[in-house]
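This report describes a single protein chain from its coordinates. It takes the helices, the sheet and a few single residues in turn.

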Amino acid sequence: MVKAKLFAERKQRSKDIAIERIAKLFDEASLAFKQNPELSSRYVELARKISSKYKVRMPSELKRRFCRHCGAYFVPSKTLKVRLKGQKVIYTCLVCGKFARLPNVREKKAMKREKAIKQKATAASGSKKA
């Protein structure tokens, strides 16, 4: 029983270290992009390998900072084109040409708020008439 607990603690510690290393690699990628864009892509590749080796989910804010297809580090207007179309944000990689459609969360929240306000207004006006 004690060995199992020690093993679980060691495994959790290695996962925590892996997450720290992934964050550090993305920081280094952002700093290295100006001098050497290939090096920043290499840092992203290493972060992805660490994520898969230790079975750690990459944080969502870091997932959107690289191309899933070619592994290029995203810098707006240099390796990334961002467009809004309806309720979606479209990321287009300028290295490989692939794109990702992501939901625009702010727009969705605003629409839900407007819908709730309209429902309250119709319910209030309906109760006054009765």
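The sections below cover the basis of the description, the helix pair, the sheet and selected residues.

## Basis

The model is predicted: local features need pLDDT of at least 70, side-chain atom pairs count only at pLDDT 80 or more, and totals for chains, interfaces and linings use all residues. Residues are numbered from 1 along each chain as its sequence is written, and side-chain values use heavy atoms, with hydrogens and water left out.

Helices (H or I, at least four residues) and strands (E, at least two) are DSSP runs, numbered from the N terminus.

## The helix pair α1 and α2

Helix α1 spans residues 2-32 and helix α2 spans residues 37-53; the two pack at an angle of about 170°, with axes 8 Å apart. Axes here are lines fitted to C-alpha atoms, for helices over the stretch in contact, and angles run from 0 to 180 degrees between N-to-C directions. The angle makes α1 roughly antiparallel to α2; the classes are roughly parallel under 35 degrees, roughly antiparallel over 145, roughly perpendicular from 65 to 115, and oblique for the rest.

On the α1 side, the contact (heavy atoms within 4.5 Å) is made by A18, R21, I22, L25, F26, E28, A29 and A32. On the α2 side, the residues are P37, L39, S40, Y43, V44, L46, A47, I50 and S51. By class, the contact of α1 with α2 has 13 nonpolar, 2 polar and 2 charged residues. In this classification Ala, Val, Leu, Ile, Met, Phe, Trp, Tyr, Cys and Pro are nonpolar, Asp, Glu, Lys and Arg are charged, and the others, Gly among them, are polar.

## V44 in helix α2

V44 is found in helix α2. Is V44 buried or exposed? At 0% relative accessibility, V44 counts as buried; buried means under 20% relative accessible area, exposed over 50%, and partly exposed in between, with a 1.4 Å probe and protein chains only.

Leaving aside neighbours within four places in sequence, V44 is in contact with F26, F66, G71 and Y73. Between V44 and K15 the separation is 29 residues in sequence and 18 Å in space, C-alpha to C-alpha.

## The three-stranded sheet

An open sheet of 3 strands has the order β1-β2-β3, with antiparallel pairing. Two strands pair if DSSP finds at least two bridges between them. β1 and β3 are the edge strands, each pairing on one side only. Direction ignored, neighbouring strands of this sheet are turned by 20° against each other on average.

Strand β1 (residues 80-85) is joined to strand β2 (residues 88-93) by 6 bridges, and the two run antiparallel. V82 has Y91 in β2 as its bridge partner. These strands form a hairpin with 2 residues between them, and G86 in the turn has a positive phi of about 65°.

β2 also pairs with strand β3 (residues 99-103), in the antiparallel sense over 5 bridges. In β3, K88 has P103 as its bridge partner, V89 stands opposite L102, and T92 is bridged to F99. The hairpin of β2 and β3 has 5 residues between the strands, with G97 in the turn at a positive phi of about 85°.

T79 has its place in the loop between α3 (60-63) and β1. With a relative accessible area of 9%, T79 is buried.

Two polar contacts involve the side chain of T79; such a contact is a pair of N or O atoms within 3.5 Å, where within protein one must be able to donate a hydrogen and the other to accept it, and residues adjacent in sequence count only if both atoms are side-chain atoms. The T79 side chain reaches the backbone oxygen of Y73 at 2.8 Å, and one of its polar atoms lies 2.8 Å from the backbone nitrogen of V75. Apart from neighbours within four places in sequence, T79 is in contact with F33, Y73, F74, T92, C93, L94 and V95.

## Positive phi outside glycine

K55 is not a glycine, yet has a positive phi of about 55°. K55 sits in the loop between α2 and α3 and counts as exposed, at 72% relative accessibility.

S77, also a residue other than glycine, has a positive phi near 70°. S77 is found in the loop between α3 and β1 and is exposed, with a relative accessible area of 63%.
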